[in-house]
Amino acid sequence: GLVTFVTTGDYFVSADFQVGVNSASTVHLRYLIDDVQVGATISEVLPSSTAETPVCWSFPIKVTSANTELKFQYAVESGGDGGLVEVAVTTTGFNDSSAAGLVVYKKE
């Protein structure tokens with residue numbers, strides 16, 4: 001996903017991802033600011049019995065120029081079959097959970 005910050009300022013981002021596999025695998029997540037990786041890659045080792053698991057992380061961003069882009073990426077170990085997974089809900093009246101959620105706060 002891609003988020004474009006149109007105004008400068010101090011922001012705080014909270015990102016939640018649902019990842020899953022059909023067999024054992026490792027899923028890697030990272031974020032980039034204007035195509036440059038910031039911080040460490042998050043790696044989640046998933047055993048074959050894991051249908052899905054949440055991966056959450058929060059971080060501050062100081063935007064110094066308009067149209068700064070925040071990009072999220074994920075990768076799976078070679079030979080793996082993991083990725084972002086929408087979680088099906090069986091309770092009547094509820095919608096499925098999306099594979100990713102993002103909340104962005106701006107300091108005023």
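Let's start with the order of the elements: from the N terminus on, the protein runs β-β-β-β-β-β-β-β-β. In other words, there are nine strands and zero helices. Please keep in mind as you look around that this is a predicted model. Taken along the principal axes, the box filled by the C-alpha atoms is roughly 45 × 40 × 15 Å.

The protein has 108 residues, and 31% of them count as buried. Its exposed surface comes to about 6500 Å², with carbon and sulfur atoms supplying 51% of that area. Contacts also reach across the sequence: among those with a separation of 6 or more, 76% are between residues 24 or more positions apart.

Now let's step into the interior. In soluble globular proteins, nonpolar side chains tend to be buried together. Here, the largest nonpolar core has 19 residues, and F59, I61, L70 and F72 are the ones that touch the most other members. Several strands contribute to this core: β2 (9-20), β3 (25-33), β6 (53-63) and β7 (68-76) each supply at least two of its residues.

Once its neighbours within four places in sequence are left aside, F72 is in contact with G1, V13, A15, F17, R30, Y31, W57, F59 and L102.

The structure as a whole holds nine aromatic pairs. To see how one of them is arranged, look at W57 and F59: their ring centres are 6.0 Å apart and their planes stand at 40 degrees, so this pair is tilted. Are these two residues buried or exposed? Both W57 and F59 are buried.

From the rings we can move on to charged residues. Side chains of opposite charge can pair when their charged atoms come close. How many salt bridges does the structure hold? There are two.

One of them joins D10 and K62, whose closest N and O atoms are 3.1 Å apart. This pair links distant parts of the chain, with D10 in strand β2 and K62 in strand β6, 52 residues apart. The two partners fall into separate accessibility classes: D10 has 31% relative accessibility and therefore counts as partly exposed, while K62, at 61%, counts as exposed.

In another salt bridge, the side chains of K71 and D35 meet at 2.8 Å, N to O. Again, distant parts of the chain are linked: K71 lies in strand β7 and D35 in the loop between β3 and β4 (36-37), 36 residues apart. K71 has a relative accessibility of 24%, so K71 counts as partly exposed. D35 reaches 52% and so counts as exposed.

Which residues make a nonpolar surface patch of about 280 Å²? The patch is made by F12, V103 and Y105. V103 belongs to strand β9, which spans residues 100-106. With a relative accessibility of 37%, V103 counts as partly exposed, because the buried class is kept for values under 20% and the exposed class for values over 50%.

Conventions: Residues numbered from 1 in each chain as written. Predicted model: local features only at pLDDT ≥ 70, side-chain atom pairs only at ≥ 80, totals over all residues. Heavy atoms only, no water. Phe/Tyr/Trp six-rings, centres within 6.5 Å; stacked < 30°, edge-to-face > 60°. Buried < 20%, exposed > 50% of the residue type's maximum accessible area, 1.4 Å probe, protein only. Patch = residues over 30% accessible without salt bridge, like charges linked within 9 Å, V, L, I, M, F, W, Y side chains within 5 Å. Areas by Shrake-Rupley, 256 points an atom, 1.4 Å probe, with all protein chains shown as cover. Salt bridge = Lys/Arg side-chain N within 4 Å of Asp/Glu carboxyl O. Helix = DSSP H or I, 4+ residues; strand = E, 2+ residues; numbered from the N terminus. Core = buried A, V, L, I, M, F, W, Y, C linked by side-chain atoms within 4.5 Å. Contact = heavy atoms within 4.5 Å.
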